[in-house]
Amino acid sequence: MGGSINGWIVAAVVLSGLGVFAWVVVGKIRLIAGGAPEGGMKLEWRRAVQAGEQAFGHRRLMQDRRSGAMHAVIFYGFVMLQLGALEILWKGLAGSPIPWADNKVFSMLQETTVAAVLLAVFYGAYRRYGEKLPRLPGGWKPLLVLLWITALLLSVVATLAFDRLREGTGASGFAPLSSAAASVLPANAAQTGYEVSWWAHLLIMLGFLIYVPLSKHFHIFMAPVNWLLRPIGPPKLAKLDLENENAEKFGMNSVDDLTRKTRLDLFACVECGRCTSVCPAANTDKGLSPMHLMTKLRDALQGKDRIFRPGAHAWLREAGEPSAAADAMDIRRTMAWQKEGWAKRGRESGDGGAGTSPGASGPARRPELIGEVVTEQELWACTTCRHCEESCPVGNLQLAPLMEMRRYLVLTEGKMPPEARRTLQNIDRQSNPWGFPRQDRTAWMEEFAAKEGRPIPTLRDRPNPDWLWWVGSMGAYDLRTRRVTFALARLLLESGVSFAVLGAEERNSGDTPRRLGDEFLFQELCRANIATLRRYGVSRIVTACPHTLQLFRREYPDFGYRAEVKHHTELLAELVRDGRLAPRYALPRTLTFHDSCYLARYNGVTDAPREIMKAIPGLESREMARSGKQGLCCGAGGGRMWLEEPGRRVNKVRTAQALATGAEMIGSACPYCLTMMEEGLRKHGAEERVNALDVAEVLSMSVFG
């Protein structure tokens, strides 16, 4: 070639760099492939479309518009810069530019891209080290990458500037950066400067290429693959084969138990902290951080000799750290707790060397996940709201490993909080969380008939109704939720809908046992319920509980039962739309609606309750800052309805967000959420001026006056 750069040396350097990169990547791929097989990982057209939308359309990234725009500039900037790098490398070797790059338009695009990416990098540094966003970890590693990218961009400008000097090209408006740089660089060192800059550009690129798979930036390659293999469709818990006689345990407590999909998630994690920033547990000092869950599991998978030994209340020792307000979202304490606890074995404040290998140079033993990587406190803090998964820009499924570890605790070790044990025993014995007599499940029906003068039909009375109304334990036993049950019963009777209930034959749906990790009890309830539903030929179910909706609509099909299942807001919205229910009485009040996680995020139902409220004359709706799929959990999901809550209360934080709208009513569409909102109002001393009501109650006020 006619260039000034020795091609043989370049070939040797490039091949060496690519060889090291391939060696590191192959090691990572082996770690992923060594995971437990998972049937959900397969290639299909819909997943390819999903991967394209996320990788190139940045749909998830744009949930945070500022960081999304920054990432888009860097992402597409690097695509353009690769073309520029190809032109720079070619010219150094060949002595002449690539024909398609030898024009003013390409030159302008190249230098404009360099400037845009530089600005994006500076903005990224500001967000992390200037603005100090709590979700973005500081330290030297992110700074190293920012400096690396900056050095790469400066090497582009320097190479173009020295090339301009050595060729005697004058300043050009189509090359503003290189022209400006050439005006201050020594002309007598043009050739030397060009070759030094050229080599610097190549070596920085290769160095960064090798560093990428050794760092969180491996997501550049793993994120598109993760989206490509991510399951399509609504989320649900995986079914456990409890009849597997060869199973030595159920659940997960070793890195060997990590599935291939989970391992892929770990290497796709970019440590952006978006999952932690929306997590209700992280924001109320429970210790759980979905981001740290992934990074700690990744370190354990890679054999890093680290262990999690946090202080009991690390955040209390943070000098000068502002204390979080009782009703504010704040992840700083959780981030500090996680940072302090995850360290090398044997440090003075850690485990004192426990668990290290006997030989100083021998490999450290693989840690147990529960207790050495993740604490039980973190596992039980999760409300299973799935906001972490909905916010993750690389498509990670953080709940999968967490729930498998919960299952291990309950099914293999028999460990759970005392309140959880009592709740599960009550469900097992009496089919309700309180342990009330099973025969009392129909007491609400007798009370309703006495008050309204109309009986509620059972399937024995009306064998083939259009809808089976699954009342649920809360609707049947809880005195506050009974008012919702009464309102819904009046509305269904008014509309003329053909419906019936199971009455005394109804059992617990199994949501609480399953979310608490007791798959044995869940499957027992599930099969018993399916047998009852099949005996009556039930094919359409309506329920006021989003948790029951999720089970019947998404998870019972794994056990062979499929039916059309609707939430009561969906059915009521249809009845209003069809004119079978007429909201005729004005309700001149303001209302803000709290979205249930299992309704909005799990099942995508956000419009139906708002459609009902919009149909009520005089009612003014005010949205909270976080609503719909971005709404904050009430704190009751994942079985936490029945557990004691340490630290600041999630429902108090959520109620504060509702009160900030100035609305006179807080609407909900879930018995758990309603309970939590009412308790939150009491905590804020606002129960006298603000009411918490189910959508059915609000609609009933307008229909009946």
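**View 1. Asp 285 in the loop between α10 (274-278) and α11 (290-301).** The model is predicted; local features need pLDDT of at least 70, side-chain atom pairs count only at pLDDT 80 or more, and totals for chains, interfaces and linings use all residues. Residues are numbered from 1 along each chain as its sequence is written, and side-chain values use heavy atoms, with hydrogens and water left out. Helices (H or I, at least four residues) and strands (E, at least two) are DSSP runs numbered from the N terminus. Asp 285 is not a glycine, yet its phi is positive, about 65°. With a relative accessibility of 7%, Asp 285 is buried; buried means under 20% relative accessible area, exposed over 50% and partly exposed in between (1.4 Å probe, protein chains only).

**View 2. His 58 in the loop between α2 (45-57) and α3 (65-94).** The phi of His 58 is near 55°, a positive value in a residue other than glycine. His 58 has a relative accessible area of 2% and is buried.

**View 3. Two of the spans listed as "transmembrane region" in UniProt, residues 143-162 and 196-214.** The listing comes from an unreviewed entry, which also includes residues 6-26, 69-90 and 105-123. UniProt positions are in the numbering used here, feature names are shortened, and annotations may be inferred rather than shown by experiment. Residues 143-162 are 100% helix and 0% strand, with end C-alpha atoms 28 Å apart. Residues 196-214 are 84% helix and 0% strand, and their end C-alpha atoms lie 27 Å apart.

**View 4. Parallel pairing of β9 (residues 665-668) with β10 (residues 691-694).** The two strands are joined over four bridges, where pairing requires at least two DSSP bridges between strands. Met 665 has Asn 691 of β10 as its bridge partner. From β9 the chain passes through helix α28 (residues 671-683) to β10 in a right-handed β-α-β crossover; right-handed means that, with the strands pointing away from the viewer, the path from the first strand over the helix to the second runs clockwise.

**View 5. Helix α27 (residues 650-659) and its cover.** Nine of the 10 residues of α27 are buried, so the helix is largely enclosed by the rest of the structure. Among the buried residues are Val 650, Arg 654 and Leu 659. The cover over them includes β7 (590-593), β9 and α28, contact being heavy atoms within 4.5 Å.

**View 6. The largest nonpolar core, of 82 residues.** Such a core is a set of buried Ala, Val, Leu, Ile, Met, Phe, Trp, Tyr and Cys residues joined through side-chain atoms within 4.5 Å. Trp 444, Trp 469, Ile 541, Leu 572 and Leu 699 touch the most other members. Another core, of 67 residues, lies apart from it and includes Phe 21 and Trp 337.
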